[in-house]
Amino acid sequence: MRRRHSSTHLLGILTVGALAAGCVADDADVRVVILHNQECKPEPDENEFISAGVVDTTGGVGYILSPTVKNLAVVPDNVVEAQRIFFMEGAEVTIDLPTGEVPGTIGFTLEEKAALAASGLLAFSSLVSGSVPPEDSVATLPVVILPYELLVEIAEKLDPQSFIQVVANVQIYGTMNGSEIATQVFHYPITVCTGCLYR
């Protein structure tokens, strides 16, 4: 599961605990999931979430996701709790761009997508650091999923009256008890505009 390449768009810092030696149990009780995106705040909230994002290309920054990560691992009587802590190390991100095949819509050609992919803007790793205790505990952390460099490329397609929607596919990875583990792939739509948030 180790990674295409690393990106240092943002380093999210959370509490990191000690990791016990051994292997992760190969069972359904060892799971971590991304529940949703939420406002960036210290305490995660399982009931409040943002279902889609909006980012303005004139803002000078990329889009930052604050995923709520839940550790569903259980701690049997014969297992030390530290063996079920999920230590987050990064996020694998891929970006789906529209093709503009529908008349009147904005999109990218296969050649344009290939050039962006070659530059590492459509598939990358954002490094993070944090931990989620077991037994249904949750944590959140900021991670860049739409780099500003990609927004600059998208901006060339837009005018103040237009927008484009992309989908970021995000998977948080890390270790549990010395073994690699990852969440499901979380699909998050983002509307990209030019000047819409400043008008």
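What share of the 199 residues of the chain count as buried?

## Burial and surface

This is a predicted model. In the chain, 44% of the 199 residues count as buried.

The surface can be described by area and by atom type.

## Secondary structure

The chain contains 12 strands and 2 helices. Their order along the sequence is β-β-β-β-β-β-α-β-β-β-α-β-β-β.

## Contacts along the sequence

Some contacts join residues at least 6 apart in sequence, and of these, 80% are between residues at least 24 apart.

## The disulfide

How many disulfides does the structure hold? The count is 1, and the link is formed by Cys193 and Cys196. A disulfide is a covalent bond between the sulfur atoms of two cysteines. In this model the sulfur atoms of Cys193 and Cys196 lie 1.7 Å apart. The angle about the S-S bond is -45°, and the link of Cys193 and Cys196 is left-handed.

Are the two cysteines buried or partly exposed? Cys193 has 4% relative accessibility, so Cys193 counts as buried, the cut-off being under 20%. Cys196 has 28% relative accessibility and therefore counts as partly exposed, as this value falls between the 20% limit for buried and the 50% limit for exposed.

How values were computed. Residues numbered from 1 in each chain as written. Predicted model: local features only at pLDDT ≥ 70, side-chain atom pairs only at ≥ 80, totals over all residues. Heavy atoms only, no water. Disulfide = S-S within 2.5 Å. Buried < 20%, exposed > 50% of the residue type's maximum accessible area, 1.4 Å probe, protein only. Helix = DSSP H or I, 4+ residues; strand = E, 2+ residues; numbered from the N terminus. Contact = heavy atoms within 4.5 Å.
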